[in-house]
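The sequence and structure are shown first.

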Amino acid sequence: MAEAGVAPAALDALAVTVGPGTFTGLRVGLAAARGLALARALPLVGVTTLEAVAFPVEARDGEAIAAAFDARRGEIYLQVFDAAHEALGEPMIVALADAPAHMPGGRFVAVGTGAGLLAGELAAKGVACRLADAAAQPDALSVARIAQARIAAHGPDRFRLAPAPLYLRAPDAKLPGGLDPVPGA
């Protein structure tokens, strides 16, 4: 905020990425954002990392945007958007080899840390896919612009409850006895 020359009192709302991502990273980021929002009584808008990384991508005529993050273990986090950045499905975790079956037909521009993996898998299936000329990780400006649009469309009161993390894979950590630390995750 000091670098941007913005005082805390000038904030109208906050935005935070909710995942998918690392379990610990999501927990820490959401906790910090919730604390700031609560302290200043500000609305807090949750934005998925997939929509944030897709936001700056410009699709060419006839292309859909495929946001993909490498989830390791031969899997990717995946969500497809149309050229206007409207989601064509929910975020998911899929085996890389199964990703083409979860995508609508057509051509794609891929973005994210898993973009190269996805493009290679699509090319092996004869599907046209190019790599986006955009950052592989979401940036704060994209998150802020998505949040700003949501507040403009729905009003700030819709975002008074803190967003929940988006877990697409259960955590690796287990409590004694093999119990999951987050039920239902």
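In this predicted model, the buried residues of helix α1 are covered by elements that include β1 (14–17) and β2 (44–47). Helix α1 itself comprises residues 23–40, 18 residues in total, and extends 26 Å from its first C-alpha to its last, close to the 26 Å expected at 1.5 Å a residue.

The buried positions of α1 are L26, L30, A33 and A37. Viewed down the helix axis, the buried residues of α1 fall within an arc of 70°, so they line one face of the helix. The face of α1 turned away from the buried side bears the exposed residues T24, V28, L36, L38 and A39. Just after α1, A41 adopts a positive phi of about 55°.

Helix α4 (residues 140–154) may be read in a similar manner. Within α4, the residues S142, V143, I146, A147 and I151 are buried. These residues cover an arc of only 165° around the axis, which puts them on the same side of α4. Their cover includes β1, β2 and α2 (49–54), while Q148 and A152 are exposed on the other side of α4.

At its start, a side-chain oxygen of D139 comes to within 3.2 Å of the backbone nitrogen of L141. After α4 comes G155, with a positive phi near 85°.

How values were computed: Residues numbered from 1 in each chain as written. Predicted model: local features only at pLDDT ≥ 70, side-chain atom pairs only at ≥ 80, totals over all residues. Heavy atoms only, no water. Helix = DSSP H or I, 4+ residues; strand = E, 2+ residues; numbered from the N terminus. Expected span 1.5 Å × (residues − 1). Buried < 20%, exposed > 50% of the residue type's maximum accessible area, 1.4 Å probe, protein only. Arc of directions from axis to C-beta. Contact = heavy atoms within 4.5 Å. Polar contact = N/O pair within 3.5 Å; in protein donor to acceptor, adjacent residues only side chain to side chain.
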